[in-house]
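Please open the model in your viewer and keep the sequence panel beside it. The stops below say what to select next and what is to be found there.

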Amino acid sequence: VPYFLVKIKHDRKKYFTIIALIILLSFPGTVQFLSLRFKHSYFTVNSNAMAAEKYLETTPPKSVVLHSLEIVPSVVSNLSGRSSVLSLIQIPVIIGTAGIPEAKKRHEDIVLFFNPDTPDTRSLILKKYKVDYVLVLSNDSKSLDKEPLLSKVYENSEYVIYKVNTTMNKRE
């Protein structure tokens with residue numbers, strides 16, 4: 001573009017027309033970028049999430065993470081490269097391979113696991129999905145602190161990570 005503009009320096013009308021055309025053509029892309037950037041669906045990853053993600057990177061590569069549905073889009077487990085029982089990114093894959101009922105069942109199991117009124121179902125859910133780590137927001141960790149199946153291995157001001165006791169998550 002600069003070379004082309006230098007070539008037409010003698011005709012000011014063409015020069016300004018081309019500059020106006022370039023600005024006009026770049027305007028929609030700029031508007032689209034800014035509108036997507038400031039939508040609620042744009043997620044920022046803060047230092048607490050990155051610290052929790054760094055911890056998960058130290059876990060075995062085939063570890064499975066169960067996280068509360070409040071952690072959307074489960075950036076911590078996704079960035080660490082660890083599998084999740086259900087995450088925003090996996091939903092299309094699960095629906096495509098196992099169907100909508102499987103995605104719904106996983107969603108129901110996660111809700112059931114984090115429900116403080118149903119602690120007796122936690123061991124079944126951990127075994128069913130072969131969960132190695134449980135990730136929660138720190139304000140939701142109170143009910144899991146007393147859970148004998150879990151040991152707290154990481155905590156910062158926003159996230160808590162529990163390791164599932166080894167007798168629970170033996171791989172078959």
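Throughout this tour, a residue is called buried when its relative accessible area is under 20%, exposed when that area is over 50%, and partly exposed in between, as computed with a 1.4 Å probe on protein chains only. The model is a predicted one, in which local features need pLDDT of at least 70 and side-chain atom pairs count only at pLDDT 80 or more, while totals for chains, interfaces and linings use all residues. Residues are numbered from 1 along each chain as its sequence is written, and side-chain values use heavy atoms, with hydrogens and water left out.

**The whole chain**

Begin with a cartoon view, in which eight helices and five strands can be picked out; helices (H or I, at least four residues) and strands (E, at least two) are DSSP runs, numbered from the N terminus. Of the 172 residues in the protein, 36% are buried.

**Helix α2**

Select residues 12–37, the 26 residues of helix α2, which reaches 37 Å from its first C-alpha to its last, close to the 38 Å expected at 1.5 Å a residue; the expected span is 1.5 Å times one less than the number of residues. At F27 the helix α2 bends by about 30 degrees, and the proline P28 follows within four residues, the bend being the angle between axes fitted to the seven residues ending at a position and the seven starting there.

**Helix α3**

Next, select residues 47–57, helix α3, where N48, A49, A52, E53 and L56 are buried. These residues lie on the same side of α3, because they cover an arc of only 135 degrees around the axis, the arc being that of the directions from the helix axis to the C-beta atoms.

**Helix α6**

Move on to α6, residues 100–114, and colour A103, D109, I110, F113 and F114, which are buried. Seen down the axis, the buried residues of α6 fall within an arc of 125 degrees, so they line one face of the helix. On the face turned away from that buried side, look for the exposed residues P101 and K104.

**The largest nonpolar core**

Now show the side chains of L66, F113, L126, V131, V134 and L150, which have the most contacts inside the largest nonpolar core, a set of 19 residues. Such a core consists of buried Ala, Val, Leu, Ile, Met, Phe, Trp, Tyr and Cys residues joined through side-chain atoms within 4.5 Å. Among the elements giving two or more residues to this core are β1 (64–67), α7 (122–128) and β3 (133–137). Apart from it lies another core, of eleven residues, with A52, L56, Y133 and L137 among them.

**L144 and R122**

Centre on L144, in helix α8 (residues 142–145), which is buried with a relative accessible area of 0%. Setting aside residues up to four places away in sequence, L144 touches F113, F114, R122, V134, V136, L150 and Y162, where contact means heavy atoms within 4.5 Å.

Which side chain is joined to that of R122 by a polar contact of 2.9 Å? Select E147 to see the partner of R122; a polar contact is a pair of N or O atoms within 3.5 Å, of which, within protein, one must be able to donate a hydrogen and the other to accept it, and residues adjacent in sequence count only if both atoms are side-chain atoms. R122 is in helix α7 and, at 2% relative accessibility, counts as buried.
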